[in-house]
Amino acid sequence: MKNLIKTIIEHQKAFFNSGKTSDINFRKKKLIDLKKEIQKNEKEIELALYKDLGKSSGESFLTEIHFIYAELNIAIKNINKWAKRKSVRPSLLNYPSSDYIIAQPYGITLHISPWNYPFQLSIAPLIGAVAAGNTTVLKPSEYSENTSMILEKIIENVFEEGFVKVVQGGPEISSELLDHHWDYIFFTGSVGVGKIVAQKAAKFLTPTTLELGGKNPCVIDETATIKTTAKRIVWGKFINCGQTCIAPDFLVVNNKIKDELIKELMTQIKNIYGDDPLTSEYYGRIISKKHLDNLSSLLEGQKILHGGKIDATQKYFEPTLVEVKDFNSPLMQNEIFGPILPVYGYEDFDEIDGIIKKYKNPLALYIFTKNIKFGEIFLHKYSFGGGAINDTVVHIINDRLPFGGVGNSGMGNYHGEATFKTFSHFKPYITKPLWIDIPLRYPPFEGKLKFLKKVLKLIS
Ligand code: NAD
């Protein structure tokens, strides 16, 4: 594999250095071709997502395929505007000059993606990388193998190998790829692996986007409308079987409404997935037996309020509600990333504050309240990736909202124009004529300083 990776990188360097990707029309055409190829393979993508994660075609379309069409449409429509040289007002100190910013591609980029939204999370960064004129090696997850195969087929049909190439494999291959010098690395995955990526990137000072996970609190105060709150929580938590990085990880609910909310959560689980979610076409599956076992071990010693059924042969894990008794239990220590929803009842705000601070920099934070002012004060107070008042997960839908984590949950962001910006170095430069040379800046300063200070005062 070592030699193969070396060859792929050489091809990518040669392709980038050929200057082909500096042509905006070429980039645009490739994005249009990519869209057509995805349209052609829509059914196969849905089938692969069903095989990997038991996703219904409706869920696959909404959360993976349509998401990508939307990102492609925005990039195709705006690429000329995004890539255009921008003229900015010059500084008087440089008079006369013309000042510009150009968006320059980094060069060869490496993308490593996870298994939970394996299509969307592989293609969305790629759109920005291509729009900005980079080449890409994509290493999708070894767990979502069916989707990884269709990704490879689509990429092969659209891009020259030196432009975009899929490399299949697990941690060893990923690690080998990371041993090389890339011009940009885009990683989506766990915090632990994110740290490995950051360490490897540091060797070459490679700029990196890290889209990581976290334990996302969801607070419900006593004013929240129970039915809508429960419905939106159940939707955001159990979509893709809880395997969503911005799903609410656990609930912190006012004791005055806790019992009522739990009852309504159970009702909403039934409304959405029926009496037996195992037979629901809308309820997904856990990605692997290993992940299922990890999840089931989290239930040991817990008080189960609802659910808890597991069918290992079908990688099925019932939507499950659990009472939080101990914040030091494994369930409350790490990101759950599955269909277990712990519920904790609070008495006063100080208690919430302590809990939120314990899970530093989550990827998402949610609050349900009728008091929007309070909700805003709450969201402004803490450091987290992104969030919502009175809903869960939906902030990811708007391409005008940059998506990403902070601190423990990652660095950098993307979606819409933000993806183009992620893969561009914004290079400033100025042009000056040679026919005039104002002497103010050159020593000796005697006789000039007073005038210079006046000018500086005027323009500052
Ligand atoms: P993971 O970190 O185990 O794997 C992600 C990718 O890294 C895979 O392609 C994998 O092959 C590779 N990898 C694994 N071990 C490696 C190693 N030692 N060295 C180099 N590469 C390695 O994550 P996962 O289990 O695929 O995905 C789940 C995690 O991803 C969760 O923590 C979730 O919150 C996070 N996630 C974050 C976002 C986001 O946008 N912030 C989106 C989806 C998932």
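Trainee: What is the relative accessible area of Glu 37, and does that make the residue buried or exposed?

Mentor: Buried means under 20% relative accessible area, exposed over 50%, and partly exposed in between (1.4 Å probe, protein chains only). Glu 37 has a relative accessible area of 7%, so this residue is buried. The model is predicted: local features need pLDDT of at least 70 and side-chain atom pairs count only at pLDDT 80 or more, while totals for chains, interfaces and linings use all residues. Residues are numbered from 1 along each chain as its sequence is written, and side-chain values use heavy atoms, leaving out hydrogens and water.

Trainee: Which residue forms a salt bridge with Glu 37, and where does the pair lie?

Mentor: A salt bridge is a side-chain nitrogen of Lys or Arg within 4 Å of a carboxyl oxygen of Asp or Glu. Glu 37 is bridged to Lys 40, with 3.4 Å between the closest N and O atoms. Both belong to helix H2 (residues 24-40), 3 residues apart, about one turn of the helix; helices (H or I, at least four residues) and strands (E, at least two) are DSSP runs, numbered from the N terminus. Lys 40, at 64% relative accessibility, counts as exposed.

Trainee: Which salt bridge links distant parts of the chain?

Mentor: Lys 215 pairs with Asp 249, the closest N and O atoms being 2.6 Å apart. Lys 215 sits in the loop between strand E7 (208-211) and E8, and Asp 249 in the loop between helix H9 (226-238) and E9, 34 residues apart. Both residues are buried. By the rule given, the structure has 16 salt bridges.

Trainee: How many residues of strand E9 are buried, and which way do they point?

Mentor: In a regular strand the side chains alternate between the two faces of the sheet. Phe 250, Val 252 and Asn 254 point one way from E9, and Leu 251 and Val 253 the other. In strand E9 (residues 250-254), 5 of the 5 residues are buried, so the strand is largely enclosed by the rest of the structure. E9 runs parallel to strand E8 (residues 217-220), joined by 4 bridges, with Ile 220 opposite Val 253.

Trainee: What is the strand order of the open sheet of 6 strands, and which strands stand at its edges?

Mentor: Two strands pair if DSSP finds at least two bridges between them. The order is E5-E4-E3-E6-E7-E17, with mixed pairing. Strand E5 (164-166) and strand E17 (410-411) are at the edges, each with a single partner strand, so one side of each lacks a neighbour in the sheet. Strands E3 (residues 108-112) and E4 (residues 135-139) run parallel, with 5 bridges between them.

Trainee: Which strands does helix H1 touch?

Mentor: Contact means heavy atoms within 4.5 Å. Helix H1 (residues 2-17) packs on this sheet and touches E3, E4 and E5, its direction making about 150° with that of E4. Such axes are lines fitted to C-alpha atoms, for helices over the stretch in contact, and angles run from 0 to 180 degrees between N-to-C directions. Helix H5 (residues 120-131) also packs on the sheet, touching E3, E4, E5 and strand E6 (184-188), at about 165° to the direction of E3.

Trainee: How is the open sheet of 3 strands paired?

Mentor: Its order is E1-E2-E18, with antiparallel pairing. Strand E1 (86-88) and E18 are the edge strands, each pairing on one side only. Between E1 and strand E2 (residues 98-105) there are 3 bridges, and Ser 87 stands opposite Tyr 100 in E2.
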